[in-house]
Amino acid sequence: MGPVNDSRPPAALPLRADLAGLHPYGAPRIDVPVVLNVNENPYAPSPEVVRDIADAVARAAAGANRYPDRDALALRGELADYLRAETGVELTADQVWAGNGSNEVLLHVLQAYGGVGRTMLTAAPSYSMYPEYARDTQTAFVTVPRTEDFRVDVDATLAAMAEHRPSVLVLASPNNPTGTALTADELTRLLAVAATSGPAGPDEESLATVVVVDEAYAEFRRAGTPAAHELLADHPHLVVARTMSKAFGMAGLRLGYLAASKEIVDHLQVVRLPYHLSDITQAAALAALGHRESLMSQVAELRAERDALAEHLTSVGLTVAESDANFVFFGRFEDRHAVWESLVGRGVLIRETGPDGWLRVSVGTPEENARFRAALNEVLS
Ligand SMILES: Cc1ncc(COP(=O)(O)O)c(C=O)c1O
């Protein structure tokens, strides 16, 4: 039989108008020797950790005819245990929620508390995915500019909360791409107002704004920078998100999680897809958590390298934002794209992101950092 002679025009697909012409989010992937553009941990897991993960995955695969534990309770319990060790705050499995990267748990927050007629507020510049969570859940997206030194402008944020009555306020701390963290005092002020700054409820009463502190980089914080978990007990509208992608060195695993009140975790479970975390993911994450000391053994070195990198950039006359993360944000360049391109030409990939004139470099191994410094010195001279 020959081809069907169909003269109908091709079907026009019903893509949502607000998605027309958009491209998927993602940093450029370029094959160069020194990759410092997506804030990964440069250290691969040891052969011992790899073996344990592989054994755990093999055991999970043997039962792969069955659906996984929908509630991922063993994993959530281990994550609570890790948070207890890292922050000193007692948490139980039912105060922890996990998903495929912190991107997924943050999207769950917007699915549960955002939506048509609701507003998400954040402090710009910040993580490029935030507007996408809002867009995908049809939530209005409002930003408050950060101060000159990239701190959250608390007064301006409080004013925006009064004006927009957001159901969700998301603040990355340490912030991406700037590295700047919130102080306990700043967060406490915001949380006090957020208890009643949300949209109107069914009886016209003021609901809370859910305050999300995105601590993807928190393990790299400097001494004296607090973890927001300390405020969970007194603030049932607080969510603190973390990830295994950065300090744990497990970006390829896709495991993010958050801590919050049990009530919030119950709400998030309503919007998750059933079996969203595969048995393979749960098994690999549990095995990796069993090796957390080895996986995180480089964090202190990465912190020291970050501080040395910031010092070097300052010493060559650049402006550097204060960083509590595993990257450094620096500028200002007349033509940052030209600098970025010249670095790529020398085999070093960093990130062109955030306000014009600034660039972000992730902290790599000492050798990678030295190559970045040498390449930048050449470009600047
Ligand atoms: C501030 C911030 N939050 C969340 C994420 C998402 O991380 P993941 O989905 O890998 O856990 C990132 C990743 O770069 C980030 O920078």
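Visitor: Where is P174 found in this chain?
Guide: In this predicted model, P174 is in the loop between β5 (168–172) and α6 (184–194).

Visitor: What kind of peptide bond joins S173 and P174?
Guide: The bond is cis, with omega about 0 degrees.

Visitor: Which residue is joined to G331 by a cis peptide bond, and what is omega there?
Guide: R332 is the partner, and omega is about -10 degrees. R332 belongs to the loop between β10 (327–331) and α11 (336–345).

Visitor: What is said of phi at Q138?
Guide: Phi is positive there, about 55 degrees, although Q138 is not a glycine. Q138 lies in the loop that runs between α4 (130–136) and β4 (140–145).

Visitor: How many helices and strands does the chain have?
Guide: There are twelve helices and twelve strands.

Visitor: Why does the radius of gyration of the chain agree with that of a compact globule?
Guide: A compact globule of 381 residues would have a radius of gyration near 21 Å, and the chain has 22 Å, so the two agree. Along the principal axes, the C-alpha atoms fill a box of roughly 65 × 60 × 60 Å.

Visitor: Now the ligand. Which residues surround the ligand?
Guide: The cut-off is a heavy atom within 4 Å. The residues around the ligand are G101, S102, N103, Y127, N176, D214, A216, Y217, T243, S245, K246 and R254.

Visitor: How much of the ligand does the protein bury?
Guide: Taken alone, the ligand exposes 400 Å², and the protein buries 93% of that.

Visitor: In which pocket does the ligand sit?
Guide: The ligand sits in the largest pocket. A molecule counts as sitting in a pocket if more than half of its atoms lie within 2 Å of the grid points.

Visitor: How do the residues of the shell around the ligand divide?
Guide: Three are nonpolar, six are polar and three are charged.

Terms used
Residues are numbered from 1 along each chain as its sequence is written. This is a predicted model: local features need pLDDT of at least 70, side-chain atom pairs count only at pLDDT 80 or more; totals for chains, interfaces and linings use all residues. Side-chain values use heavy atoms; hydrogens and water are left out. Accessible areas come from the Shrake-Rupley method with a 1.4 Å probe; for residues, only the protein chains shown count as cover. On a 1 Å grid over the protein atoms alone, a cavity is a set of points where a 1.4 Å probe fits but cannot get out, and a pocket is an open set with protein on both sides within 12 Å along at least five of seven lines; lining residues have an atom within 4 Å of a point. Ala, Val, Leu, Ile, Met, Phe, Trp, Tyr, Cys and Pro count as nonpolar, Asp, Glu, Lys and Arg as charged, and the others, Gly among them, as polar. Helices (H or I, at least four residues) and strands (E, at least two) are DSSP runs, numbered from the N terminus. The radius of gyration is taken over C-alpha atoms; the globule rule is 2.2 Å times the number of residues to the power 0.38.
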